[in-house]
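Keep the viewer open as you read.

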Amino acid sequence: MRKTFYHNFYPNKAEEETFNVRSILMHSTTKNKILVEIRDVFPPPIIDPRDPWQMKKSIRYYEILEGELVVTFKDAFEHILRYWTLNMANLIVVGKDVGVIIWDVTEEYNPKKYQSPEIYFKMIPSGDFVLTCAGLIRDRNLNAYDKIGLYWDAKASHFMFKLLWSNPL
């Protein structure tokens with residue numbers, strides 16, 4: 001099922017009275033924004049087994065410094081959260097860090113698993129998401145403008161990562 005935000009712009013009576021007493025304007029907050037599941041008209045994208053990397057991106061310098069790979073709002077909803085349960089997706093929306101597993105399959109015959117409290121997926125204030133994986137970035141010795149591939153393996157419930165092209169500095 002596809003997930004989307006539902007914005008409740010109509011406050012309940014208690015909230016309305018609170019705003020009236022304080023003489024402040026009501027505005028949309030994350031408190032009145034909830035995640036709901038809707039029936040998807042279109043089926044999930046089909047993953048090509050020869051090229052499964054649904055999210056391809058060039059790494060920016062700040063991502064290396066922070067140890068976090070930015071995943072756009074669109075990519076997170078289209079390629080990751082649609083496979084998660086509503087409860088799991090809601091944890092991220094309310095600001096929790098959700099621990100995940102990342103498999104680095106850059107070396108096809110020697111994959112490396114990353115699983116620790118420092119490996120997690122979270123939503124940032126801009127509305128985008130980050131995959132915090134400083135150990136992977138350090139071990140893989142990633143540089144700015146390296147091209148990576150990333151996808152969520154729905155069957156095994158973990159991220160798959162691959163360095164597609166390394167920037168020769």
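## Ground rules

Two strands pair if DSSP finds at least two bridges between them. Strands (E, at least two residues) and helices (H or I, at least four) are DSSP runs, numbered from the N terminus. The model is a predicted one, in which local features need pLDDT of at least 70 and side-chain atom pairs count only at pLDDT 80 or more, while totals for chains, interfaces and linings use all residues. Residues are numbered from 1 along each chain as its sequence is written, and side-chain values use heavy atoms, with hydrogens and water left out.

## The antiparallel sheet

Let's begin with the open sheet of 4 strands, ordered β4-β9-β8-β5 and antiparallel in its pairing. At its edges stand β4 and β5 (98-99); each has a single partner strand, so one side of each lacks a neighbour in the sheet.

Moving across from β4, this strand pairs with β9 in the antiparallel sense over 4 bridges, and Leu69 stands opposite Leu131 in β9. β9 is in turn joined to β8 by 4 bridges, again antiparallel, with Phe129 in β9 as the bridge partner of Met123. The hairpin of β8 and β9 has 5 residues between the strands, and in it Gly127 takes a positive phi near 100 degrees. Finally, 2 bridges join β5 to β8, which run antiparallel; here Val98 stands opposite Phe121 in β8.

In a regular strand the side chains alternate between the two faces of the sheet.

## A buried glutamate

Beyond four places in sequence, the contacts of Glu68 (heavy atoms within 4.5 Å) include Lys122, Val130 and Ile137.

## The helix across the sheet

α4 lies across β5, β8 and β9, running at about 65 degrees to β8. Axes are lines fitted to C-alpha atoms, for helices over the stretch in contact, and angles run from 0 to 180 degrees between N-to-C directions. In α4, Ala89, Ile92 and Val93 are buried. Seen down the helix axis, the buried residues of α4 fall within an arc of 100 degrees (taken from the directions from the axis to the C-beta atoms), so they line one face. After α4 comes Gly95, with a positive phi near 100 degrees.

## The nonpolar core

A nonpolar core is a set of buried Ala, Val, Leu, Ile, Met, Phe, Trp, Tyr and Cys residues joined through side-chain atoms within 4.5 Å. The largest one here has 32 residues, and Trp84, Phe121 and Phe129 are among those with the most contacts inside it. Elements that each supply at least two residues of this core include α4 (86-93), β8 (120-123) and β9 (129-132). Leaving aside neighbours within four places in sequence, Trp84 is in contact with residues including Ala89, Ile92, Val98 and Phe121.

Conventions: Buried means under 20% relative accessible area, exposed over 50%, partly exposed in between (1.4 Å probe, protein chains only).
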